[in-house]
Amino acid sequence: MKRLELAIESIILASRWLLVAFYIGLGLALAVYALSFGKKLYEFITTVFLLGDTDTILKMLGLIDAALVASLVVMVIISGYENFVSRFDDQDGGGVHWLGTIDVGSLKVKVASTIVAISSIHLLQVFLNSSSYSTDQLMWLTIIHLAFVVSALMLAYIDRLMGLSKGKKDEA
């Protein structure tokens, strides 16, 4: 019976390597998104002298939004691999030492904060182009953004409580 239990535990533990397929897929999706970013950047560069101030700001906010989304994907790939699959080998002595500081709780807070930043940029784009939106649409977009803000604050609060709780256990 003990042998069966050990075999099951080995299979369950080895199943974490299936996550690698997801992280590689996210890396490929990031490469495709980089092409999309390049296209947006090229369009911005070629039309920058034809755009008004508001349109220039909107285009730049779109580029910032893309950079935040890409950063979010990288954060999920690296910290997910580090937390759930395997530790990165620090072969050159200085490349990945910071990875160990991102645990699952802080990852959730970082992801939520990035989502709030992305939502803020999108909402700013909407308000700069508010004539294209109805009052109801503006209201709902603001409410959805506020829901993201409240969710991020709650995740940060819970992470802080967990950190305080862990600190008390370490002192005891």
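The questions and answers below concern a predicted model.

Q: What is the secondary structure of the chain?
A: The chain has five helices and zero strands. Along the sequence the pattern reads α-α-α-α-α.

Q: How do you know that the length of helix α2 agrees with its number of residues?
A: Helix α2 runs over residues 19-47, which is 29 residues. The expected span is 1.5 Å times one less than the number of residues. For α2 that gives 42 Å. The end C-alpha atoms of α2 are 42 Å apart, so the two values agree.

Q: Which residues of α2 are buried, and what covers them?
A: The buried residues of α2 are Val 20, Tyr 23 and Phe 44. Helix α3, residues 53-85, is included in what covers them.

Q: Why are α2 and α3 called roughly antiparallel?
A: Look at the angle between their axes. The axes of α2 and α3 cross at roughly 165°. An angle over 145 degrees counts as roughly antiparallel. Therefore α2 and α3 are roughly antiparallel to each other.

Q: How close do the axes of α2 and α3 come, and what is the handedness of the crossing?
A: The two axes come within 10 Å. The crossing of α2 and α3 is left-handed.

Q: What makes Ala 66 buried?
A: Ala 66 is found in helix α3. Buried means under 20% relative accessible area. Ala 66 has 2% relative accessibility, so Ala 66 counts as buried.

Q: Which residues does Ala 66 touch, not counting residues up to four places away in sequence?
A: Ala 66 touches Tyr 33 and Phe 37. Ala 66 and Phe 37 are 29 residues apart in sequence. In space they are 6.7 Å apart, C-alpha to C-alpha.

Q: How many aromatic pairs are there?
A: The count comes to one aromatic pair.

Q: Why is the pair of Trp 17 and Tyr 81 called edge-to-face?
A: Check the distance, then the angle. Ring centres must lie within 6.5 Å to pair, and the centres of Trp 17 and Tyr 81 are 6.5 Å apart. Planes over 60 degrees apart count as edge-to-face. The planes of these two rings are at 80°, so the pair is edge-to-face.

Q: Which parts of the chain does this pair link?
A: The pair links distant parts of the chain. Trp 17 sits in the loop between α1 (2-14) and α2, while Tyr 81 is in helix α3. They are 64 residues apart.

Q: Why is Trp 17 called partly exposed?
A: Partly exposed lies between the buried limit of 20% and the exposed limit of 50%. Trp 17 has a relative accessible area of 41%, so Trp 17 is partly exposed.

Q: How do you know whether His 122 is buried, exposed or partly exposed?
A: His 122 is in helix α4, residues 104-128. Its relative accessible area is 38%, so His 122 is partly exposed. His 122 and Leu 61 are 61 residues apart in sequence, and 8.0 Å apart in space, C-alpha to C-alpha.

Q: What label does Ala 147 get, and why?
A: Ala 147 lies in helix α5, residues 135-171. Ala 147 has a relative accessible area of 40%, so the label is partly exposed. Ala 147 and Val 116 are 31 residues apart in sequence and 9.3 Å apart in space, C-alpha to C-alpha.

Q: What percentage of the 172 residues in the chain is buried?
A: Buried residues make up 21% of the chain.

Conventions: Residues numbered from 1 in each chain as written. Predicted model: local features only at pLDDT ≥ 70, side-chain atom pairs only at ≥ 80, totals over all residues. Heavy atoms only, no water. Helix = DSSP H or I, 4+ residues; strand = E, 2+ residues; numbered from the N terminus. Buried < 20%, exposed > 50% of the residue type's maximum accessible area, 1.4 Å probe, protein only. Contact = heavy atoms within 4.5 Å. Phe/Tyr/Trp six-rings, centres within 6.5 Å; stacked < 30°, edge-to-face > 60°. Axes fitted to C-alpha atoms, helices over the stretch in contact; angles between N-to-C directions. Parallel < 35°, antiparallel > 145°, perpendicular 65-115°, else oblique. Left-handed = near helix turned anticlockwise from the far one by under 90°.
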